[in-house]
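Subject: Structure handover

Hello,

Here is the structure I promised to pass on. Please open it first, then read my notes below.

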Amino acid sequence: MNRFTYFLGTLLLLSSMAAHGATMRCSNGIISTGDLAQDVLTKCGEPVSSNKANPSVDEYGHIVKGAALIEYWTYKDTGMNYELRFIDGRLVQITGNR
């Protein structure tokens, strides 16, 4: 996969997620898909838990072309659990459940 194809795919993914307009209210503001991880930290504080799926690397330790860092953060608020998914530091999904 060449860089242009990867860039275009990522752009389409982010724009489709942003089109859904998922939001979450935090103590210092509202976050929505498309926000940067640093902005989420500023508005919501540290997550209760987080997991990282580091980008794939080849046998030489180099990041595989097109690989991405995926992070999952969990927040809890008055009976609700929210899972946030980030791709390369950008919020792409907010899921809430009781």
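Start with Leu-84. Leaving aside neighbours within four places in sequence, Leu-84 is in contact (heavy atoms within 4.5 Å) with Met-24, Ile-31, Val-40, Glu-71, Tyr-72, Trp-73, Tyr-75, Leu-91, Gln-93 and Ile-94.

Before you go further, two notes on the source. This is a predicted model, in which local features need pLDDT of at least 70 and side-chain atom pairs count only at pLDDT 80 or more, while totals for chains, interfaces and linings use all residues. Residues are numbered from 1 along each chain as its sequence is written, and side-chain values use heavy atoms, with hydrogens and water left out.

**The core**

Buried means under 20% relative accessible area, exposed means over 50%, and partly exposed is in between (1.4 Å probe, protein chains only).

**The overall layout**

The protein has two helices and six strands. Helices (H or I, at least four residues) and strands (E, at least two) are DSSP runs, numbered from the N terminus. Along the sequence the pattern reads α-β-β-α-β-β-β-β.

The protein has 98 residues, and 26% of them count as buried. Its accessible surface comes to about 6,600 Å². Carbon and sulfur atoms hold 53% of that surface. These areas come from the Shrake-Rupley method with a 1.4 Å probe; for residues, only the protein chains shown count as cover. Now take the contacts with a separation of 6 or more: residues 24 or more positions apart account for 36% of them.

**The disulfide**

How many disulfides are there? The count comes to one, where a disulfide is a pair of cysteine sulfur atoms within 2.5 Å. Cys-26 and Cys-44 form it, with their sulfur atoms 1.8 Å apart. The link is right-handed, with 65 degrees about the S-S bond. Cys-26 sits in strand β1 and Cys-44 in helix α2, so the pair ties together parts that are 18 residues apart in sequence. Both Cys-26 and Cys-44 are buried.

Cys-26 has a bridge partner as well: Gly-29 in β2. Strands β1 and β2 (residues 29-32) run antiparallel and are joined by four bridges. Two strands pair if DSSP finds at least two bridges between them. A hairpin joins β1 to β2 through two residues.

**The aromatic pair**

A search of the whole structure finds one aromatic pair. Trp-73 and Phe-86 form it, and the pair is tilted, at 4.3 Å centre to centre and 45 degrees between the planes. The rule: rings of Phe, Tyr and Trp (its six-membered ring) pair if their centres lie within 6.5 Å; planes under 30 degrees apart count as stacked, over 60 as edge-to-face and the rest as tilted. Trp-73 lies in strand β4 and Phe-86 in strand β5, 13 residues apart, so the pair links distant parts of the chain.

Thr-74 is buried, at 19% relative accessible area. Not counting residues up to four places away in sequence, Thr-74 touches Pro-47, Val-48, Ser-49, Tyr-82 and Glu-83.

**Two loop residues**

Thr-78 is in the loop between β4 and β5. Its phi is near 40 degrees, a positive value in a residue other than glycine. Thr-78 counts as exposed, at 71% relative accessibility.

Asp-88 is in the loop between β5 and β6. Phi of Asp-88 is near 50 degrees, again positive in a residue other than glycine. Asp-88 counts as partly exposed, at 46% relative accessibility. Asp-88 and Ala-68 are 20 residues apart in sequence, yet 5.9 Å apart in space, C-alpha to C-alpha.

Best wishes
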